[in-house]
Amino acid sequence: MSAPLAALPRPAAPEESASGALAPRDLTPEEFDRRHLWHPYDSPRAPAPVHRIARAEGIMLHLADGGRMIDAMSSWWCAIHGHAHPAIRQAMHAQIERMPHVMFGGLTHDPAIELGRALVALLPPGLDRIFYSDSGSVAVEVALKMALQAQLARGERRRTGFATIRGGYHGDTWKAMSLCDPVTGMHGHFGSAIRVEHFLPAPPVDFHEVWPPDPAHNGLAEIEALFSRKAHEIAGFILEPVVQGAGGMRFYHPAYLRGLRDLCDRYGILLIFDEIATGFGRTGRMFAMDHVQVTPDILCLGKALTGGHITFAATIATGAVAESIASAAPGIFMHGPTFMGNPLACAAACASLALLGQGDWRKDVARIEAQLAEELAPARKIAGVADLRVLGAIGVIEMDHPVDTAKVHAAAPRIGVYLRPFGRLLYTMPPYVTGAKDLSRITSAMLALLGEGI
Ligand code: PMP
């Protein structure tokens with residue numbers, strides 16, 4: 001076993017560089033982090049403050065200085081059963097002893113097969129050709145490549161573009177980025193490096209509204225108008241079903257998906273659902289697409305797939321897509337990440353799916369939905385609040401101005417709740433195992449922050 005880092009010999013006196021700055025090894029952990037580590041969407045010169053977490057268990061984040069905060073974000077929506085869940089930990093321990101990793105090229109293993117069986121059993125019939133990868137963004141890249149290769153193999157040589165809706169988010173890799181909302185996805189910052197894809201308005205009918213059958217009022221007319229002009233250039237249509245997450249936390253009417261499915265079929269466009277944020281119960285159904293029983297041609301899963309214990313993702317295609325790819329040269333799918341099918345991640349995912357299989361998530365998510373709706377309701381009367389919306393285990397307060405994210409961040413240890421707002425949104429996506437009392441702590445913290453003016 002190698003020596004723990006802290007036990008490594010250190011110089012007797014701090015070393016100074018020519019500029020007078022301390023050498024990296026003489027910095028405190030916080031200083032080192034600040035000077036040498038990039039954090040998500042942050043300034044490399046003046047990074048925003050971070051809280052140092054020593055341990056995470058259940059719904060709690062334990063701070064290095066001894067404090068603790070409820071993880072009201074499920075660590076970016078992944079830790080649905082809470083952190084370090086005993087069953088998932090145990091499955092990972094057992095797998096680590098046997099085989100943390102082997103390549104998937106030319107090899108296979110039981111954790112990958114077992115997870116595949118569990119996914120096929122869970123997914124709608126027909127979606128059963130599974131490609132494992134490392135993260136959500138990569139799963140999206142894989143989906144887009146599958147759609148493109150399938151179209152090219154079908155002889156549709158001009159179908160190289162993609163369509164999507166505004167307000168979406170699909171990840172930070174290159175192609176995924178070009179399909180994120182052009183404004184919140186900051187396409188402008190990347191100049192001509194971002195290919196211009198086909199963007200339609202965000203679906204106009206909210207989740208709880210009555211669905212107007214007239215295509216002129218439900219968004220389907222715009223889709224048809226685009227398809228009738230440009231379908232010959234479009235390989236696939238990608239969107240997050242029902243809940244648009246990081247692009248704005250909007251909930252739209254599921255009937256939109258049925259109309260979109262019909263139009264994609266009519267115009268030969270492959271339909272891709274990105275369920276990376278919505279999958280595994282978050283919206284009150286196992287998958288958001290279950291609100292309407294519409295099956296895409298390709299599906300992306302990630303985040304909660306491993307219960308948030310380790311990074312992993314999957315892209316699942318129908319047999320028809322897979323067969324198209326196989327039917328024309330080169331006859332193989334052109335993707336194969338080094339850590340594809342990582343056994344440790346597969347073992348964690350199997351354990352997480354087994355927990356979901358016990359079924360408690362259904363009543364937990366329904367209970368959280370009811371409590372969020374009731375306890376956040378007073379927010380509607382607070383100045384600056386533009387909207388309050390709740391669906392499944394998602395509670396969103398939309399302000400009429402950008403939220404003071406630095407203030408919310410600084411308050412977290414004091415209020416004992418970790419929230420990470422973005423744009424005009426203060427929201428929570430708690431772990432499903434959050435009990436009633438702890439959920440009340442989250443909702444009171446959100447209301448208290450509104451009261452303090454954020
Ligand atoms: N798609 C959606 C809908 C997401 O919410 C995210 C992550 N927020 C991604 C893709 C990208 O996943 P990852 O960050 O794991 O690459």
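Residues are classed here as buried when their relative accessible area is under 20%, exposed when it is over 50%, and partly exposed in between, with a 1.4 Å probe and protein chains only. The model is predicted, so local features need pLDDT of at least 70 and side-chain atom pairs count only at pLDDT 80 or more, whereas totals for chains, interfaces and linings use all residues. Residues are numbered from 1 along each chain as its sequence is written, and side-chain values use heavy atoms, with hydrogens and water left out.

Side chains of opposite charge can pair when their charged atoms come close. With a salt bridge taken as a side-chain nitrogen of Lys or Arg within 4 Å of a carboxyl oxygen of Asp or Glu, the structure holds 18 salt bridges. One of them lies in helix H12 (residues 360-376), where Asp-360 and Lys-363 are 3 residues apart, about one turn of the helix; helices (H or I, at least four residues) and strands (E, at least two) are DSSP runs, numbered from the N terminus. The closest N and O atoms of Asp-360 and Lys-363 are 3.6 Å apart. Lys-363 is exposed, at 55% relative accessibility, and Asp-360 is partly exposed, at 39%.

Asp-297 and Arg-261 form another salt bridge, with 2.9 Å between the closest N and O atoms. This pair links distant parts of the chain, 36 residues apart: Asp-297 is in the loop between strand S10 (270-274) and strand S11 (298-301), and Arg-261 is in helix H9 (residues 255-267). Asp-297 is buried, with a relative accessible area of 13%, and Arg-261 is also buried, at 11%. In the salt bridge of Glu-197 with Arg-195, the closest N and O atoms are 3.5 Å apart. Glu-197 is buried at 6% relative accessibility, while Arg-195 is partly exposed at 42%. A network of salt bridges links Asp-387, Arg-389, Glu-398 and Arg-424.

An oxygen atom of the ligand lies 2.6 Å from an N or O atom in the side chain of Ser-137, and a ligand oxygen is 2.9 Å from a polar backbone atom of Gly-136. A nitrogen atom of the ligand is 2.7 Å from an N or O atom in the side chain of Asp-274. Of the 390 Å² of accessible area that the ligand has on its own, the protein covers 81%; accessible areas come from the Shrake-Rupley method with a 1.4 Å probe.

Backbone geometry was examined next. Most residues other than glycine have a negative phi, and most peptide bonds are trans. Val-242 has a positive phi of about 70° and is found in the loop between strand S7 (234-239) and strand S8 (243-244). Val-242 is buried, with a relative accessible area of 0%. Phi of Ala-84 is also positive, near 50°, and Ala-84 is in the loop between helix H2 (74-77) and helix H3 (86-98). Ala-329 and Pro-330 are joined by a cis peptide bond with omega about 5°, Pro-330 being in the loop between helix H10 (319-327) and helix H11 (343-357).

Key. A polar contact is a pair of N or O atoms within 3.5 Å; within protein, one must be able to donate a hydrogen and the other to accept it, and residues adjacent in sequence count only if both atoms are side-chain atoms.
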